[in-house]
There are 2 protein chains.
Amino acid sequence: MDQTATGLDDNLLEVILRQKDDLRKSDRRVAEVVLASPGEVVAMTLAQLAKEAGVSEPTVIRFCTAIGCEGYRDLRVKLARSMAFARSTSHTAITSDDDLGALITKIFDYNLSNLNWAQSKLDEAAVRAAVDLLAGARRIEFFGFGASGIVARDAQQKFPLFGTPCGAPSDAHQMYMTAEMLCAEDVAVGISNTGHTREIVDALQVARGNGAGTIGIAGQPSPMLDHCDVPLVVETLENTDLFTPTVSRLSHLVVIDILSTAVSLRRDETHHQRITRMKARLAQRRGKLNPTSTSDSSAG
Amino acid sequence: MDQTATGLDDNLLEVILRQKDDLRKSDRRVAEVVLASPGEVVAMTLAQLAKEAGVSEPTVIRFCTAIGCEGYRDLRVKLARSMAFARSTSHTAITSDDDLGALITKIFDYNLSNLNWAQSKLDEAAVRAAVDLLAGARRIEFFGFGASGIVARDAQQKFPLFGTPCGAPSDAHQMYMTAEMLCAEDVAVGISNTGHTREIVDALQVARGNGAGTIGIAGQPSPMLDHCDVPLVVETLENTDLFTPTVSRLSHLVVIDILSTAVSLRRDETHHQRITRMKARLAQRRGKLNPTSTSDSSAG
DNA sequence: ACCCCAAAGGTAGTTTTCCTACTTTTTTCT
DNA sequence: AGAAAAAAGTAGGAAAACTACCTTTGGGGT
């Protein structure tokens, strides 16, 4: 079994795209049509699709089985599900011609597809290892710059869930100093989408050299991950367009959510009670519009 | 036409859940079955579903039309698509009994459903108004605390896209001082999921009093939005469970993405060229593993 | 209390859709 | 070039989805 045990590998459009070149000639014609406008196809009947692709009906059936579907009915269902996120295939670049509605759709779609992709590619075993490490930590430090700095800060705010002091130094010097002071029972978490950011790699190496556990969150195999006890790859959909926003942040934030929640669940009943009480009081403060409140869902 | 013109309202499970109580008795039996295990249902045939629900086949058809589907075929497709994200209905609370796999699925699902919901409820006209205001700003300040503070900081980092100086004061005093110094051509953006955070409301009032344009991003109609030129409601799925993470951040971040991108698109060619150049050089720095680089996709 | 009317639900039959057995065409290898 | 195997098509049969019609149930009104 691979990491797709979550059952999310039924991204049919992806499968079709990958297998397209290995298909029979006529089947490929069908594949073209499906890929070109999956939205139309789910509404089509078998005969219509056959006509559209210029092939016979049994060919369409054969195409279905070739890409791993039970039959046409199954294809439709899988396709529909696939489309919900993997609208990625229809992701055209954002241009100045787009009106606001198109822009909204594109950006949401892009982020949704990306999250889905990240989920399907996430290695559960690696996450488990990270949770093990974090759960035993006496102190946790998160290292990240730029957009990843945002993620680090968010993680640090999740301190109540970790039940352990958390830090997120914001500049390279602080980061270096912090890393140097870590020791055996501490954990350092590096966050960098490229996995190449030099300071982060250095900081993790220093931390590791001092005996601290190290976790790396990156979008791809990279130098940073080579220096970590637990490398965590959070895949991102490639994106080279001018105006496409940074989608990696979101998946990184979700991974942080998962880690903090998983660690929290490992704690004992007392810890849970504290969180319950904290949440209740927070809600209370909000209800009162308490003027000294600086809280705004600071506790996940 | 309401704001669901994006065509994303086909969150069928949501629709069924909402209409369930208004359905005929037998139809409701069908609804129960569908809601209980939508995954099974997409694989079922009309007759099977009828048997499972203990009703006749035409009743199932009537159920289909009642909830707005063309027929059973259509139901299946819509259901399949709906399941991809709107697994929301199957969102059971996160408990200590969950294994890691379940946790990962739940947290991703929750965030995906939430983004989807936010998109379907987003008011395009309000977004347009916000973009108009931001595009004409001489300076933009983002106000947020806690999790929303993260969002504010992220927005501030998007400064290159806005093409306008951006700030995100991190404490209440700085925020107040900043608000007091804003004037007619400036814009203040308040971010608060509850929309009740007192300091933010105050800061926006001050900013507005000084003639600055004001935009509010909140999860619901609230005091903060009452004091804004442009109120922007970014709906969040309700969530009272102990361990469920804050999902609002993600949708707020996406809205910030939309706003910054939309503003950027309004700028002239020179601006676009600068961004292109900036991105290229950033990539170059990364490639070199330049030791002075503090960049990690800081430019959205 | 009874009857009537309307709405809900079921039965049976029709049509559409999907799939399979078999034939023809194309391709590939000796 | 010819034979065997793979690919594509034709036609017919099974099954699924839908519709027209009938029965039942339940809620007023006299």
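Two strands are said to pair if DSSP finds at least two bridges between them, and helices (H or I, at least four residues) and strands (E, at least two) are themselves DSSP runs, numbered from the N terminus. This is a predicted model, in which local features need pLDDT of at least 70, side-chain atom pairs count only at pLDDT 80 or more, and totals for chains, interfaces and linings use all residues. Residues are numbered from 1 along each chain as its sequence is written, chains are lettered from A in the order in which they are written, and side-chain values use heavy atoms, with hydrogens and water left out.

**The sheet of chain B**

Begin by selecting the strands of chain B, where five of them form an open sheet in the order β2-β1-β3-β4-β5, with parallel pairing. At its edges lie β2 (166-167) and β5 (230-233) of chain B, each of which pairs on one side only. Next select β1(B) and β3(B), which run parallel and are joined by five bridges; within this pairing, B:E141 stands opposite B:A188 of β3(B).

**Helix α9 of chain B**

Move to residues 146-157 of chain B, the 12 residues of helix α9, which reaches 17 Å from its first C-alpha to its last. Nine of these 12 residues are buried (under 20% relative accessible area, with a 1.4 Å probe and protein chains only), so α9(B) is largely enclosed by the rest of the structure. Among the buried residues are B:G146, B:I150 and B:D154. If you show both chains, you will find that the buried residues of α9(B) pack against elements including α9 (146-157) and α14 (248-266) of chain A, and β1 (139-143) of chain B.

**The aromatic pairs**

Which aromatic pairs does a search of the whole structure find over all chains? There are two, where rings of Phe, Tyr and Trp (its six-membered ring) pair if their centres lie within 6.5 Å, and planes under 30 degrees apart count as stacked, over 60 as edge-to-face and the rest as tilted. Select A:F142 and A:F162, whose ring centres are 5.9 Å apart and whose planes stand at 40°, so the pair is tilted. Because A:F142 lies in strand β1 of chain A and A:F162 in helix α10 (residues 159-162) of chain A, the pair ties together parts that are 20 residues apart in sequence. Both A:F142 and A:F162 are buried.

Note on methods: Expected span 1.5 Å × (residues − 1). Buried < 20%, exposed > 50% of the residue type's maximum accessible area, 1.4 Å probe, protein only. Contact = heavy atoms within 4.5 Å.
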